[in-house]
Amino acid sequence: GGGRRGEEGMPGRLVMAAADALVFRRIRDALGGRLRFIVCGGAPLAAEIVDFFLAAGINVLEGYGLSEASPVISVNRLGHVRSGTVGVPFDNIEVKTAGEGEIIVRGPSVMMGYLDDEKATADVIRDGWLHTGDTGVIEDGYLRITGRKKDIIVTSGGKNVSPQRVEGLLEGDACISRVVVYGDRKKYLTALVVPDYARLKLEMGEDSLRDLTDADLAGRGDVYAFLMERIKRRSRELAPFEQIRKIVVLDEPLTEDRGEVTPTMKVRRDRVTGEFRERLEALYE
């Protein structure tokens, strides 16, 4: 993994040297100047962020685990980082995928069970394998998380979509802060979109937008078209059934106070789609 470090000859090396002097060195100094690596987990990290820090000379090692596995299952290693993955499983942990791509694990660090709850234990531990509820793929030994099994969207055409995969891709756009994909049993996907309004004004470059409120911007057709064009560009690698056809533009972020996100900023999907269901359903009329 890692950023591109001068593979294109002298011009590339000069650009990287300038970037290091102007930006990257300041980041390293702000982190103490002696930082060897950062381990990251808990929620997916965009590959672009990993690559940025790698280019800055800062090793970000993304990992994966859960409490029931004590808790780490896999992690990227120094010198062997593959952005977009959570690394290679530990030597004492067996990892494979089962039905619908669910990640299951087995090993001495997996719990014996939930205290005084045989039913819950039997639900997640079957034939010695812990069923994580997460879905993923294993590529050249590296584990890549694709979403949560319970969140899989099945279109009316029978196609399975991992909303987290689509959301993570679209949230890599500088003008988009949050995306929540919708469309179970529907002919196509739609989404709630929270823009980064400050960046959106800058990118649209129209003086007439400067003094407008976020609520004003959310209702404008030109803002909608601008966001849809960016979504279309970001979606080029997706299959047609994974692409967003229409959106609802929100004028404020999702918050923990309203129960829309967890303390670690993960979306409470049922809560959010229920709250905005009427506006989402209107996209199919």
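The discussion below moves from the chain as a whole to a sheet, a helix and a pocket.

Modeller: This is a predicted model, in which local features need pLDDT of at least 70 and side-chain atom pairs count only at pLDDT 80 or more, whereas totals for chains, interfaces and linings use all residues. Residues are numbered from 1 along each chain as its sequence is written, and side-chain values use heavy atoms, with hydrogens and water left out.

Biologist: How many helices and strands are there in the protein chain?

Modeller: The protein chain has nine helices and 14 strands; these are DSSP runs (helices H or I, at least four residues; strands E, at least two), numbered from the N terminus. Of its 285 residues, 38% count as buried, that is, under 20% relative accessible area with a 1.4 Å probe, protein chains only.

Biologist: In which order do the four strands of the open sheet lie?

Modeller: Strands of a sheet pair through backbone hydrogen bonds, either parallel or antiparallel. Here two strands pair if DSSP finds at least two bridges between them. The order is β1-β2-β3-β4, with mixed pairing; β1 and β4 (88-89) are the edge strands, each pairing on one side only.

Biologist: In what sense do β1 and β2 pair?

Modeller: Strand β1 (residues 37-40) and strand β2 (residues 59-65) are parallel, over four bridges. Val 39 stands opposite Leu 61 in β2. The chain crosses from β1 through helix α2 (residues 47-55) to β2 in a right-handed β-α-β crossover: with the strands pointing away from the viewer, the path from the first strand over the helix to the second runs clockwise.

Biologist: Which residues of α2 are buried?

Modeller: They are Val 50, Leu 54 and Ala 55. These residues lie on the same side of α2 because they cover an arc of only 130° around the axis, taken from the directions from the helix axis to the C-beta atoms. Gly 57, with a positive phi near 85°, follows α2.

Biologist: Which residues are closest to the centre of the second largest pocket?

Modeller: Rolling a probe the size of a water molecule over the atoms shows where empty space is left. On a 1 Å grid over the protein atoms alone, a pocket is an open set of points where a 1.4 Å probe fits, with protein on both sides within 12 Å along at least five of seven lines; lining residues have an atom within 4 Å of a point. Of the 13 lining residues, Ile 153, Asp 184, Arg 269, Asp 270 and Thr 273 are the closest to the centre. The largest share of the lining, three residues, comes from α8.

Notes: Buried < 20%, exposed > 50% of the residue type's maximum accessible area, 1.4 Å probe, protein only.
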